Amino acid sequence: MTAPFELVVISGKGGTGKTSLVAAFATLAGGAVLADCDVDAADLSLVVRPGPGAEHEFSGRAAAVIDAAACTACGRCAEVCRYAAVLGGGQDGYVVDPIACEGCELCRRLCPAGAIAMEPVQSGVWIVSETRFGPLVHARLGVAEDNSGKLVTLVRSEGVRLAAERELALVIVDGSPGIGCPVIASLAGADLVLAVTEPSVSGRHDLDRVLQVVRRFGLPFAVYINRADLDPGQSDLIARDATAAGAAFTATVGYDPAVTQAQVAGIDVVEYGGRAAAEIRRVWDAVCATRAVPNPEEGVR
């Protein structure tokens with residue numbers, strides 16, 4: 001079997017409707033692997049309702065640990081730690097706060113007694129669950145843990161592996177919002193990127209920023225304008241800009257209260273029905289036609 005097709009749905013900011021669109025695509029795909037790479041606020045599971053899945057530990061960094069038996073309580077580690085992560089002192093010795101520690105290793109290098117070692121810290125967990133659409137790979141960051149993109153890469157890689165293992169031709173990625181490292185980890189090597197925006201000045205600006213990243217990687221992309229009828233003038237400007245930037249197509253979907261009602265019901269909008277559902281079907285057909293994504297409605301597997 002050839003490598004699965006990776007469709008990545010992103011947005012320049014949160015709240016544009018990206019996850020709702022991914023859930024709708026999951027219904028229309030007729031069998032795919034879903035990867036929720038928005039690990040800072042993973043919420044695709046709220047709509048696709050996965051069953052319980054096995055959790056796997058993830059470590060994205062290391063923190064200093066002081067060996068109390070070897071520590072001479074000289075205080076050198078506390079002196080050089082610019083993050084105030086070394087606590088204690090005196091006869092009680094020192095300990096390191098694993099949340100405050102940034103893993104720079106300076107204390108380990110300068111400890112005269114060699115009493116400090118760097119050990120992996122559990123930064124979160126990643127999970128493989130089963131849904132009515134196919135497997136879902138998602139994750140949960142730990143308290144105060146940074147998202148460097150490593151966990152995103154792991155979630156996405158596991159999604160591709162599962163697709164190959166189960167002979168599923170499509171991986172739908174709910175990407176991270178913004179333009180930072182998690183977004184780059186969501187995008188790299190995608191077969192098609194669908195950027196979701198809204199018809200506002202800020203939406204147009206955020207779309208421009210995220211498309212600069214997409215174009216930097218030379219990835220094929222399309223643009224989806226959600227709630228387009230709320231400001232037709234801005235929608236027209238965004239569509240014009242997207243066409244000039246080289247978008248494969250620009251799709252517009254009007255505001256429909258059924259989308260919110262579907263979220264409250266805990267199902268995707270295609271299953272719920274409504275005007276937006278019919279329009280999203282047309283977007284899905286455009287995605288399939290653009291990059292030959294398998295479309296079960298046309299009998300293509």
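A residue counts as buried when its relative accessible area is under 20%, and this cut-off is applied in the first of the views below, all of which show a predicted model.

**View 1. The aromatic pair formed by Phe25 and Trp284.** Phe25 has 0% relative accessibility and therefore counts as buried, and Trp284, also at 0% relative accessibility, is likewise buried. A pair of aromatic rings is described by the distance of the centres and the angle of the planes. The count of aromatic pairs comes to 1; in this pair the ring centres of Phe25 and Trp284 are 5.0 Å apart and the planes stand at 50 degrees, so the arrangement is tilted. Distant parts of the chain are linked in this way, since Phe25 belongs to helix H1 and Trp284 to helix H11, 259 residues apart.

**View 2. The largest pocket, with a volume of about 480 Å³.** Its lining consists of 29 residues, and those that lie nearest the centre are Gly17, Lys18, Thr19, Ser20 and Gln263. Two or more lining residues come from each of helix H1 (18–29), helix H2 (45–48), strand S12 (221–226), helix H9 (257–265) and helix H11 (275–291), with H1 giving the largest share, 4 residues. By class, the lining of this largest pocket comprises 12 nonpolar, 11 polar and 6 charged residues.

**View 3. The second largest pocket, with a volume of about 250 Å³.** Here 16 residues form the lining, and Arg61, Glu102, Glu145, Asp146 and Asn147 are the ones that lie nearest the centre of the second largest pocket. The lining of this pocket divides into 6 nonpolar, 5 polar and 5 charged residues.

How values were computed: Residues are numbered from 1 along each chain as its sequence is written. This is a predicted model: local features need pLDDT of at least 70, side-chain atom pairs count only at pLDDT 80 or more; totals for chains, interfaces and linings use all residues. Side-chain values use heavy atoms; hydrogens and water are left out. On a 1 Å grid over the protein atoms alone, a cavity is a set of points where a 1.4 Å probe fits but cannot get out, and a pocket is an open set with protein on both sides within 12 Å along at least five of seven lines; lining residues have an atom within 4 Å of a point. Grid points are joined across faces, edges and corners, and a volume is the space filled by probe spheres set on the points. Ala, Val, Leu, Ile, Met, Phe, Trp, Tyr, Cys and Pro count as nonpolar, Asp, Glu, Lys and Arg as charged, and the others, Gly among them, as polar. Rings of Phe, Tyr and Trp (its six-membered ring) pair if their centres lie within 6.5 Å; planes under 30 degrees apart count as stacked, over 60 as edge-to-face and the rest as tilted. Buried means under 20% relative accessible area, exposed over 50%, partly exposed in between (1.4 Å probe, protein chains only).
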